[in-house]
Amino acid sequence: MATPNFKHALFCAIVTLIIAYPILGLNLVAQGTKVGLEGATTSTVISVVLAAFVVFFFQLFRDSIMGNLGKLPKLNPLSGREPMPQAKRAKLESWVLTAIVVFALFWPFLVSRGSVDLATLVLIYVMLALGLNVVVGLAGLLDLGYVAFYAVGAYTFALLSQYFGFSFWAALPIGACLAALFGLVLGFPVLRLRGDYLAIVTLGFGEIIRILLNNWTAVTGGPNGIGGIPEPTLFGMEFGRRVKEEGNTSFHETFGIAYSGEHKVIFLYLIALVLAVITALVIRRLMRMPVGRAWEALREDEIAARSLGLSRTAVKLSAFTIGAFFAGFAGTVFASKQGFISPESFVFLESAIILAIVVLGGMGSQIGVILAAIAVTILPELAREFADYRMLIFGAAMVLMMVWRPQGLMPMRRIHIELKRQE
Amino acid sequence: MLEVSNLSMRFGGLLAVDQVSLDVQEREIVSIIGPNGAGKTTVFNCISGFYKPTGGKILFEGREIQGTPDYKISRLGMVRTFQHVRLFNQMTVVENLLVAQHRHLNTNLLAGLIKTPNYREREQKSLDRATYWLDRVGLLDLANREAGNLAYGQQRRLEIARCMVTEPKLLMLDEPAAGLNPAETKDLNQLIVSLKSDYNVSVLLIEHDMSLVMDISDRITVINQGRPLASGTPAEVRQNDDVIKAYLGEA
Ligand SMILES: Nc1ncnc2c1ncn2[C@@H]1O[C@H](COP(=O)(O)OP(=O)(O)OP(=O)(O)O)[C@@H](O)[C@H]1O
Ligand SMILES: [Mg+2]
């Protein structure tokens, strides 16, 4: 029992040494025109050896450490409780959601401009995660290229405004529908694939879109991106200091108040909030409709679902398209918030972050996804000193999560349809 | 209504079904029997579109359907159960029945989002239909339970109810009595007979329980190692020498 563990631990420690030393310990230094190799300083050597020891002991006692980690939820006083009756839970959930929304409505008037700006970003991620949740959590399709649809939404607005002078409100539905159309067209050939293959192909698609945007310089401006994307207007009132568009009025003049840059930020925040709420409500409703049940049925037992007349392609395609639609939504808001977009905003990391939010939140659960979106967007901002280790912390958090709570922070417990007895 | 002629299905080197023919008329119960591994389930899989047969013809109401995708076949009015029960375990009993009525409900998304009266009416109808069939198979009290928590016999009945809410013309049951106790088997017997007499459904049945098969079948097809061995009424099959030798004799 102990021996194989010991051998394994030793092996891992040596691998750590072999990998860590060249990466951390050896530096390339320029010596005139030549490049030379320089050995490690003592402190680096010490930390590499230390790391090897940590790996060694962790692997040696891995079973007991992991075992204890698995028992951790028992410390949580709530974990042993009976699940709430469904009616009560549904009520509680709507109360919590309403409370969050009400709080979110008044909150921007109390805090700084920077916080509101960040909160808008959180809301964009909430929209994205809720949309991806449909694809991954509800329909069970691993989509690693979700950011492509986000990009389609953002670029649709950017291009429409640049070439045809479309406003935010006109571009919003177009961006979302175009993203949905992309989802439909892409999904059609791809959804026949299963599991891992689907993940890889969607990953590829995400990259193709980004590379296309990068290289189609004539239209998209390539890596330089597109700037001057207009902000949303409120019934034809602009939030800038001066009115840019013929026929519009400006917000501060109409209401006779002093110009303040904050108005614009708060307004954008409120739009994002409204759209996020709409997204959440629509998806909640979809889950209780036949489509929602079809997604779940197909995820649970595809063969049985097909034997009952559910077309695999149609059902999966609907999830894919609806997910893409909301990504387009979010993309339009993002473009408007930034005022400038470039392909750099739509790299694979972005897909990974959105997916992480969905997984952290507990696939399928809306409150979980909202909390996770807040955590994933805000924590890195709070811990800026650790910016270099962001990805490391992120990875470690994901691994711990998978061990400790593979079902996510708040796993989905779907509201079942109840059959009421007519006595 | 169903006519299968010279059906063959080959898996690599194995000819699992070899030139099997059978037919089912309106309001008829036809059974397929045969020893384990004879190819009965494979015949089902071909008819229901899960496999594309390598040879032969399948006609349903005069249309050739071999190679048609499974979900389309079930929409034609031919649904099946599985040898190993396949329910949506995490959904409730009534939701299992609602999923089955998906295509009756398949209105556009917008109608569902804003709950048009038409949509509500359809939803209510499918709930009513579910209620009716749950009552019919004696599961109404368990309607809001998760399907995975039901007892085995109840799961079997739910699977049949789930087929019936789709209002099929032909019901295909793969060993519905497997794992049932004698009392449950008796109930099943009555249920199948009533499906035929009260709901005008034809039944194609695979079953190992001989007393059940002999009792309710109008006709029986026997297959052995993929090949048709005999067919006819229960009395004829019982007296067929080949059948006695190959199958009944063993037991
Ligand atoms: N997908 C498949 N690939 C390869 N061989 C298969 C496949 N499906 C079935 N077979 C083979 O076909 C033969 C017939 O199997 P089938 O399941 O149809 O028998 P059965 O009559 O239903 O038996 P049982 O009474 O045990 O249910 C078996 O030898 C089986 O191994
Ligand atoms: Mg079988």
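Modeller: Let us begin at the ligand: an oxygen atom of ligand 1 lies 2.9 Å from a backbone N or O atom of B:Gly37. This is a predicted model, in which local features need pLDDT of at least 70 and side-chain atom pairs count only at pLDDT 80 or more, while totals for chains, interfaces and linings use all residues. Residues are numbered from 1 along each chain as its sequence is written, chains are lettered from A and ligands numbered from 1 in the order in which they are written, and side-chain values use heavy atoms, with hydrogens and water left out.

Biologist: Which side chains have an N or O atom at a listed distance from an oxygen atom of ligand 1?

Modeller: B:Asn36 has a side-chain N or O atom 3.0 Å from an oxygen atom of ligand 1. For the side chain of B:Lys40, the distance to a ligand oxygen is 2.7 Å.

Biologist: How much of ligand 1 does the protein bury?

Modeller: The protein buries 65% of the 630 Å² that ligand 1 exposes when taken alone. These accessible areas come from the Shrake-Rupley method with a 1.4 Å probe.

Biologist: And how many residues surround ligand 1?

Modeller: There are 14 residues around ligand 1 (a heavy atom within 4 Å). Among the closest are B:Lys40, B:Thr41 and B:Thr42. H1(B) gives the most to this shell, with three residues; helices are DSSP runs of H or I with at least four residues, and strands are runs of E with at least two.

Biologist: Changing topic, how many residues does each chain bring to the contact between chain B and chain A?

Modeller: Chain B brings 39 residues and chain A brings 31, where contact means heavy atoms within 4.5 Å. The two chains bury about 3200 Å² between them, 62% of it on carbon and sulfur atoms. Buried area is the accessible area (1.4 Å probe) that two parts lose on being put together, summed over both. B:Phe88, B:His102 and B:Leu113 supply 17% of the area that chain B buries against chain A, more than any other three residues.

Biologist: How many salt bridges cross that interface?

Modeller: The rule finds two (a side-chain nitrogen of Lys or Arg within 4 Å of a carboxyl oxygen of Asp or Glu). In one salt bridge, the side chains of B:Arg86 and A:Asp301 meet at 2.7 Å, N to O.

Biologist: Which element gives the most to the side of chain B that touches chain A?

Modeller: H6(B) does, with six residues.

Technical notes. A polar contact is a pair of N or O atoms within 3.5 Å; within protein, one must be able to donate a hydrogen and the other to accept it, and residues adjacent in sequence count only if both atoms are side-chain atoms.
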